[in-house]
Each structure stands twice: as structure tokens, then as C-alpha cells.
Amino acid sequence: MTLAQSTASSATTDGAADSLMDRARTGRSIARALPRRQRHQILDRAADLLHERETDAAAVIVAEAGKTIRQARKEARRAQTTLSLSAEEARRNAGEVVAFDAYPGSENRRGWFTREPLGIILAITPYNDPLNLVAHKVGPAVAGGNAVILKPSPHSMRTAQFLVDLLLEAGLPPEVVTIAHGDTALSAALVRQRDVRMVSFTGGFRTAEAITREAGIKKLTMELGGNAPVIVLDDADIDRAVADCVSGAFWAAGQNCVGAQRLLVQRPVYARFRAQFVAAAEALITGDPHDERTDVGPMITEHEAERAQRMVAQAMADGGQLLTGNIRRGRWYTPTVLEDVPLNCALWAEEAFAPIVILQEFDSDDDGLVLANEIDFALHAGVFTTSLIRAMRFADGIEAGGVMVNDSSDYRIDAMPFGGAKYGSMGREGVRFAYEEMTQPKVVALNL
């Protein structure tokens, strides 16, 4: 590209960002003026419409993201819940009374605080949960009286549009949510906009670091993935642990930020768990996502499937042993299980975001905790045990945003706070918690 071409491209990008911002500024005034009752009605009606069109929503998810039809239907139902929770937040979480008269010198004061919209929120969403993750940003933002510029993944534009169309049909003024179509240059131009008061981002670490460099003074919330440990202790129900870990590892072809990637199994039960887990992984059907029998559909692109296979090849070159899988046909990559992967290997240290699992043996409970906490980022973790005392010890000791006891790391409901620990997150999602991130308190004090 020549300098002139580069300059022209930059000007085009800046022009597109300016146009989007003009519309969002109009939307900001409209959104703020919507009574809470109306916000509630719009979001509640959108949830009802999504329930009525669940089949259509699932079909779009399968077509764009490659989720199996069963997984897509479940995501559509979760998005309904997310919108319903957002509707309740619109009329529930308005603020509270402040006890000014409880403090010396303020005996004659009465007052409260309200929750006010931030203004314009830039929401950047990924492809792996293309409907529900859009609902998790747009729903709380609308509930709080904000305008939204929605920048979905290029791989899932139709799914994002599907949800926005439902909101419009439910009565949302069209200027309140604006979909941005463009590349990373457009995203960067929007991030830099002074009138964007918050960037809500779900995606990868490198993009997140670029956003922090571009953003300037504004609020940032980020969910950046993880490398989830699941610990299976020697008193666990092994059949249950195997079933839950297989689901947690290979759901959505492993393209799951809380998916089980590192399975840490205590030595006395390792051989049994290993045999059962490998057999269960081999029994999964990889194929057409439209087929009700399919367990594992394609990855989002062939490039991503190739990347996953390269990670496994490097792990094997470093000494890891392949137990099953590692077969790629285009975008399809079979469930893959390894053991003896060195702890300095990329597959151990980084998020695979693919249907790949590492089995790792350990001895004492202390050893399990050390292995679980080795990674610099952690959304969720799982622990399988029949001992409440051991469960509580691991729940306290694991450095993660959530610890699921007798569940895989991928358990989540849309009402809970969701985010990571250490380097893996900033702020929290989950409807109530996102709503609070997207609003700010305003204090009113009356001197009587």
C-alpha cells in the first residue's frame, strides 16, 4: 500500500467512525429520555420475541458460528434469560437511600443516589457465543439508559443483527443501538472517540492491550479468556467428573472461554479417569452441525483449526503424548487429548480455544493447587470431590473468577458475576454487574 492509499484508507475509516458517532450521540439523548418502564417493556418484549423465534435464531448461529444445532438452541434460550434479566434490572436497580443523618454534622440532611447512564458504550463481541454475548452487553446497556455502538465479530454479523432487529421490533428507537461494520482499524477509531465513555470488550489479550493503548480516559471492561484448570481429587465421583469434563472441554468445538483445558487428576484415580475420559472423547460425533446427533461441529475457520493442530504438534515435539484425536478435515478438528505436556509448553500456558485437553497427574492437594494457579489468567476453575472441607480449601485457594465444585469450569448462569482473576479480566459481566458497570451513581443531598 502506498502512502497516499494509506492516508485515504485512514480518512475513510475516520469518516465512518464520525458517522457512527453522530448517530450514537442522537441515540444517547433518546436512550437517556426513555423511562425505566419503557426500557423494561422493550427488553421484556424482545425476550418474548426471541422465545417465539428460537428456531430461527438457532439456525443463524449454526450457519455463522458452526455450533451444533443442540448447542445453538441452548444459546438462544440463554439469550432470552439475559434479556429478561436486563428488563428486571431496568426497573429494580435505580439507586438507594443514603443515611446522611447517621453521621455527625449531617443530622438535618436527607438524600439518595440514583444510577445514571454513562452515555455511549462501545461493545465489541466475539463469534463463539454470537447471540448471548451480544445480549450480555446490549441488554444491560439499554436497561441503564445508554446508547450502544455494537461491533460484532465479522464472523457473526448476521446473528448480532438478528438480536438488534428483535429489539427494534420490541420498540427500541433505532438510534439507540448502532451496528458497526468494519475491520480492526474502525474498532480502533471508535475506541479513540472521546464521547465513547466505556468500552466493553470480549476477546483476546493482544486486542485488549491495543484497546488500552488507544482508549484514553474512559471506562474499560474486558473478558479475555482463560486456560481453565479442573481438579479431580481422589475421592471424586469419577463417572460424573468424566461426563462433565468431556462436555466442558469439547462444547462449541472447544471455542469456549471457560472450557476445561487442563484436567489435573490425583494419582490414585488417574488411570481410571484417563481411560474413561479418552473413551468418552472418542465416542463423540464430529460432523455436520445441523445434524441432531452431532456433538462437535466445525471451528470458526480453517485457519483456526490449523492453528490448533500446530499447537498440538509443538506440544508433541516438546514431549507431550497424544492419547486421541488430532485429526483435521478442513474446519473440523476432532476432540484431542494429550498427557505429559511440559509445563513450559505453549499448550499448557496459553488458551487453546479449540477441542484440546491436557491430562496432568498430581500427588498432594498442595501440588494440585500449585498447578492450578500457575497460569497468569483464570476465568473459571472446577473441582471434583465428595469432601466439603477439601472443596472449600480449593475454592479459597484457586485464583480464578469462579470455582465450580462438582462441575466443569464451563458452568455459568447469566445472573452471576462473570470475569477473571489476575491478568485475565477487568470488571464483571452478568446482567446486574454489567448494568452497574454501565451506570454511575449520582448523589442528591437535601439540607433541611
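In the predicted model, Arg 36, Arg 39 and Leu 43 of helix H2 meet Gly 139, Val 142 and Ala 143 of helix H5. By class, this contact of H2 with H5 holds three nonpolar residues, one polar residue and two charged residues. H2 spans residues 36-52, and H5 spans residues 132-143. Two packed helices are described by the angle between their axes and the distance between the axes. For H2 and H5 the angle is about 155°, and the axes are 9 Å apart. H2 is therefore roughly antiparallel to H5.

A second pair is formed by helix H3 (residues 54-65) and helix H6 (residues 157-169). These helices pack at an angle of about 160°, with axes 8 Å apart. H3 is therefore roughly antiparallel to H6, because angles over 145 degrees count as such. H3 and H6 cross in a left-handed sense. On the H3 side, the contact is made by Asp 56, Ala 57, Val 60, Ile 61, Ala 63 and Glu 64. H6 brings Met 157, Arg 158, Thr 159 and Phe 162. Six residues of the contact of H3 with H6 are nonpolar, one is polar and three are charged.

The next pair consists of helix H13 (residues 365-372) and helix H14 (residues 388-397). Their packing angle is about 30°, and their axes lie 10 Å apart. Angles under 35 degrees count as roughly parallel, so H13 is roughly parallel to H14. The crossing of H13 past H14 is right-handed. Asp 365, Asp 366, Gly 368 and Leu 369 of H13 contact H14 through Arg 390, Arg 393, Phe 394 and Gly 397. The residues of this contact of H13 with H14 comprise two nonpolar, two polar and four charged.

The loop between strand E16 (380-384) and H14 contains Thr 386. Thr 386 is exposed, because its relative accessible area of 60% is over 50%. Beyond its neighbours within four places in sequence, Thr 386 is in contact with Asp 235 and Asp 237. Thr 386 and Leu 172 are 214 residues apart in sequence, and their C-alpha atoms are 49 Å apart in space.

The largest nonpolar core has 79 residues. Within this core, Phe 273 and Phe 277 touch the most other members. Helix H9 (residues 238-250) gives the most to the core, with seven residues. With neighbours within four places in sequence set aside, Phe 277 is in contact with Val 242, Cys 245, Val 246, Ala 249, Phe 250, Leu 263, Val 337, Val 357 and Leu 359.

Most residues other than glycine have a negative phi. Ala 252 has a positive phi of about 55°, although it is not a glycine. Ala 252 sits in the loop between H9 and strand E9 (260-266). Its relative accessible area is 8%, which is under 20%, so Ala 252 counts as buried. Asn 326 likewise has a positive phi, of about 65°, and is not a glycine. Its place is the loop between strand E10 (321-324) and strand E11 (328-329). Asn 326 is buried, because its relative accessible area of 19% is under 20%.

Two further residues were then placed. Ile 285 is in the loop between helix H10 (267-283) and helix H11 (302-317). With a relative accessibility of 41%, Ile 285 is partly exposed. Setting aside neighbours within four places in sequence, Ile 285 is in contact with Arg 293, Thr 294, Asp 295 and Val 296. Ile 285 and Leu 50 are 235 residues apart in sequence and 29 Å apart in space, C-alpha to C-alpha.

Trp 332 lies in strand E12 (residues 332-333). Trp 332 is also partly exposed, with a relative accessible area of 28%. Val 296 is one of the residues in contact with Trp 332 when neighbours within four places in sequence are left aside. Trp 332 and Met 299 are 33 residues apart in sequence, yet 6.0 Å apart in space, C-alpha to C-alpha.

Technical notes. Residues numbered from 1 in each chain as written. Predicted model: local features only at pLDDT ≥ 70, side-chain atom pairs only at ≥ 80, totals over all residues. Heavy atoms only, no water. Core = buried A, V, L, I, M, F, W, Y, C linked by side-chain atoms within 4.5 Å. Buried < 20%, exposed > 50% of the residue type's maximum accessible area, 1.4 Å probe, protein only. Helix = DSSP H or I, 4+ residues; strand = E, 2+ residues; numbered from the N terminus. Contact = heavy atoms within 4.5 Å. Axes fitted to C-alpha atoms, helices over the stretch in contact; angles between N-to-C directions. Parallel < 35°, antiparallel > 145°, perpendicular 65-115°, else oblique. Left-handed = near helix turned anticlockwise from the far one by under 90°. Nonpolar A, V, L, I, M, F, W, Y, C, P; charged D, E, K, R; others polar.
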